[in-house]
Structures are given as C-alpha cells and as structure tokens.
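This report describes the fold and some local features of one protein chain. Please consult the sequence and the model while reading.

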Amino acid sequence: MPSPTPSASILVVDDEPDLRTLYELTLLREGHAVTTAADLQQAREQLASRRFDVLISDMQLPDGLGLSLLREVAERQRSEKCIVITAHGSAENAVESLKAGAFDYLTKPVDLRQLRSAVSAALLSQRAPAAAPNEPQRVAPPPPSGVRALERIVGRSPSIVQIKGRIEKVATSMAPVLILGESGTGKELVARAVHECSHRAHGPFIAVNCGAIPENLIEAEFFGARKGAYTGASADREGYFQAAHGGTLFLDEIGDLPLAMQAKLLRVIQERRVRALGAVQEEAVDVRLVSATHRDLPALVQAGQFRQDLYYRLNVIGLRTPALRDRPEDLPELAHALLVRLCHDAGQAVPELSPAALHWLQSRELPGNVRELENLLQRALALSSGAVLHPADFGEISDTIPDTLVDPLPAAVDAFARPSAASDARDAALPDDLQRYLDEQERRVLLQALQACGFNRTAAAARLGLNLRQMRYRIQRLGIVLPGAAGGADTEAGDV
C-alpha cells in the first residue's frame, strides 16, 4: 500500500469564486495549505513570491490561457507539478497541456475524488521519484527475472541511451505514451520500464494484446460486465481498466483495435470513467495509459482504419524502440545478457559465446530483432553440450535461412526418383514411414519461415502462401511450440 500523501502547498487558479472555494475546501480537508488566485496576473504574483508543490489552473482565464502559466513554469524549470482543468470534451486543450509539461488534467465538471487523486499522484511523483536507481523496488510482485525492466534494456548505443533517458523523464507524468517499433524490439519491456520508473510502481501493470480479443467480447474485457449482462455472464467481472486502477494499462498492438471500440476507448480516455456492460452508473478509473504497435498508425488514419482523434490522444509522448540492425554494437552485450537470463531460468551454467559464434550472429539480418536473437540462443543452449557455444550449436535450421523459401518436398521426391548405382543405397534413401517423413519436412519448412519472420505467424503464413488459419492448423497438428507469450509469438516478448 502506498504511504499516506504528505501535506503540501497548493496554488489554485480559477476565475469562478464558487469553484475556487470548492477546490480550496476539498484540499484543506486533506491537510494541504491552499492559496488561490483569480487570474494569470494574481497567479504570477503568487509564483514570484514563493514556491508551491502543486499548481492547479483552469485553462480559460479572464486575462489569458492557463497554458501560458504552464509554459512559464517549465521554461523557468520550477518544481511545481501542474494540473490543468479543461472544459468538457476539450481534447485538444488537454493534449496540448500534457505536451506543455502538465502532470495531469481534469475535465469539468471536476470530480472531487479525481481532484484528490491527481494531487496525491503529483505529490508522490514529486517527492518520491522512481528514477533514482538505488531506491528499493516498489513493484509488487517483482518482475519475473528479479531485475527491473529498465536494467533489462541492454546496450550502450546512442539510441538505447536516448530511450532509457526518455523513459525516466516521461515516467513522472500522467501523459499517455505511444511506443512504436518493429516486432521483437521489446515494446512491452519499455512499457514496463515506464511503469516501474513512475510513482505508480506500487500499482498493477496490466498488459493487453488488442489483436487477440474476439470482437464480440472486447467491450466486456475492457470495461467489465455485470451478472446477466450477456449469455454466460454468471457473475460480476472486472475489466482491464478496473484491474489496472492505480497502475498502468498497456495496450499492445493498439492498431488492431476495431473502429467501434476505438470510439469507446476515446471517451474513456477523455472522461476517465467506464461503465461495465449491464451497469447503470459509470465508475471513475485512475489509469496511466501506455500503448504500442508495430504498424504505421498515420497510414491507418489516412486509410480510415484508425481514428485520428484517438491517435492524437494516444501520441502525446512518443517512444520508438530501435531495430537490432540499427545498433549492431549492442549485440555482444545483449547476447551475453540474454544467455545469463536464459541459463538462470533453466538453472544451468552460463556458457561462453565463441568468437566464431558471435561473428555468425553478427552476420545475420535478424529480422525478428531481439526476440529472434533470444530464440537462437535458446536453441543453441538446448543443442550444446559444452562450456562454449559454437556456430554448429545453433542447429541445422538456423545455419542458413534463404531469402526466398523454397519448398524442399519436390527436391526430396526428385532424390527418390533419381537412379542410383547401388540398389541398397536407393533402398536406404527410402523412409520407413512416409507420412512421418513428410511431416518432418513440413515442420522444418514452417520453422524456417517462422524464424525468418521473427516468429510472427501472420507474416510466415503470407510468405508460404497460406492464410493464418491454415498456419495455426499446421502448427497445432505438428506440435510446434512457439517461444514467447502463450497463444503465439505475435505479441511482444523480449528485451530491447
């Protein structure tokens, strides 16, 4: 449980006397010292005379916009955390204020519980910054590896140094974060790092793959449902927003969200309230939203497949995870870190990576990025029996993956049909079990395609001229176990 919020000095700026009094009384009951101002001039005079912990300002003031006050605080590098009050449905003002450095925003009419919550969060963020690396871990439960996500972002290339610095900076805000990057670059790891570096580290981190939820169930999954709301709803259930209350909700593959659900998500982001299926009343939710996708969202907006206003709200702060080919200098350190983690999970000694094996890895394109590198290392650990990994330990499948996959079955059939000098050699080439042999050949081709596509089933299916349903059937029939998250490797799993 988080510690009680300490008392603070707060400046409230609003031109309506009744609202100023309401906010002042609410915060006084929380034990805070409150100063009020009716316009920008009075607010500037108060800020010139002293420092405050929190600044709460209405957007529309008689002598200007509260946004100018935010910019002045940011330009002078003052320590006040700023909370902006915007008009109902004024999405542009809310986004602009967050980009200008506001910690959070509230919409009119202001819910006093949300006001108290926003002030508490601002104080926790200001007085207990999670960016300090030596502070005790506040996340419960701890990450599976026992290591904070920020420390698992391995590398010293400029792109990695930049993204780690950005993570620590954006973690102190409530602004939505949009993470872009190719599959396998560790977008979920970055999202976890944002959560763990924030004042919400004590709260839950809920990760959702938007593309994996059936469209007829998506609203109940996101917002919850009351008993009897639909066939089979035998009890009340909470949705992802309720489960993430007080923490972070990570929406992976946000580009796959259906248009109808995009409109509902936009309203929840603006109002910060959800209504469960079958419920009459809405309930407030306190959630930091982080989303990610490997798709080109601006292109989807242009094609009418993604709402422009939702994209505008999600992309307040943008982060991009670099592809592995753009940071080749990180590969040795990254490979070693992955080996250490894999061996720790398996309870075995960590082998060395021979210079030849490292050269072999560096010569590969690795279109699956870190996820593909991790899969290669995992296979090498399984096939190796020594204390040093050599190129041969990476297995027959990973020795060569051609640019254009060619079905080996015709070649195999041609080999059977080719005459041989010795009849016993010809008999030895014939398999004892033709179906099993063909299954093995099919399994090998599927694994080649999956690995070449970073274990993205959709891309691998397209490369082989199959649809996703056919690909799933073959994977299940042949018993192919995909690395990564349950349900397929189309989700993010892997370190940056």
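## Overall composition

A residue is termed buried when its relative accessible area is under 20%. By this criterion, buried residues account for 50% of the 496 residues in the protein. The model is a predicted one.

The protein contains 22 helices and 16 strands. Of the contacts between residues at least 6 apart in sequence, 72% connect residues at least 24 apart.

Five strands form an open sheet: 5 strands in the order 9-10-13-8-14, with parallel pairing. Strand 9 (205-209) and strand 14 (317-320) are located at the edges, and each has a single partner strand, so one side of each lacks a neighbour in the sheet. From one strand to the next, the twist averages 20°.

Within this sheet, strand 8 (residues 177-180) pairs with strand 13 (residues 288-293) in the parallel sense over 4 bridges. Leu 180 is placed opposite Thr 293 of strand 13. Helix 7 (residues 158-170) packs on the sheet and touches strand 8, strand 13 and strand 14. The direction of helix 7 makes an angle of about 155° with that of strand 14.

## A pair of packed helices

Two packed helices are described by the angle between their axes and the distance between the axes. For helix 20 (residues 434-452) and helix 22 (residues 468-477), the axes come within 11 Å and cross at roughly 125°. The two helices, helix 20 and helix 22, are therefore oblique to each other. Their crossing is left-handed.

Helix 20 contributes Asp 439, Glu 442, Leu 446 and Leu 450 to the contact, while helix 22 contributes Met 471, Arg 474, Ile 475 and Arg 477. The residues of this contact comprise 4 nonpolar, no polar and 4 charged.

## Backbone features in loops

Lys 108 and Pro 109 are joined by a cis peptide bond, with omega of about -5°. Pro 109 belongs to the loop between strand 7 (104-107) and helix 5 (112-127).

Gln 77 has a positive phi of about 55° although it is not a glycine, and is situated in the loop between helix 3 (66-75) and strand 6 (81-86). Gln 77 counts as exposed because its relative accessibility is 71%. Glu 253, likewise not a glycine, has a positive phi of about 50° and lies in the loop between strand 10 (248-252) and helix 11 (259-271). The relative accessibility of Glu 253 is 3%, so this residue counts as buried.

Terms used: Residues are numbered from 1 along each chain as its sequence is written. This is a predicted model: local features need pLDDT of at least 70, side-chain atom pairs count only at pLDDT 80 or more; totals for chains, interfaces and linings use all residues. Side-chain values use heavy atoms; hydrogens and water are left out. Two strands pair if DSSP finds at least two bridges between them. Axes are lines fitted to C-alpha atoms, for helices over the stretch in contact, and angles run from 0 to 180 degrees between N-to-C directions. Contact means heavy atoms within 4.5 Å. Angles under 35 degrees count as roughly parallel, over 145 as roughly antiparallel, 65 to 115 as roughly perpendicular and the rest as oblique. A crossing is left-handed if the near helix is turned anticlockwise from the far one by less than a right angle, and right-handed if clockwise. Ala, Val, Leu, Ile, Met, Phe, Trp, Tyr, Cys and Pro count as nonpolar, Asp, Glu, Lys and Arg as charged, and the others, Gly among them, as polar. Buried means under 20% relative accessible area, exposed over 50%, partly exposed in between (1.4 Å probe, protein chains only).
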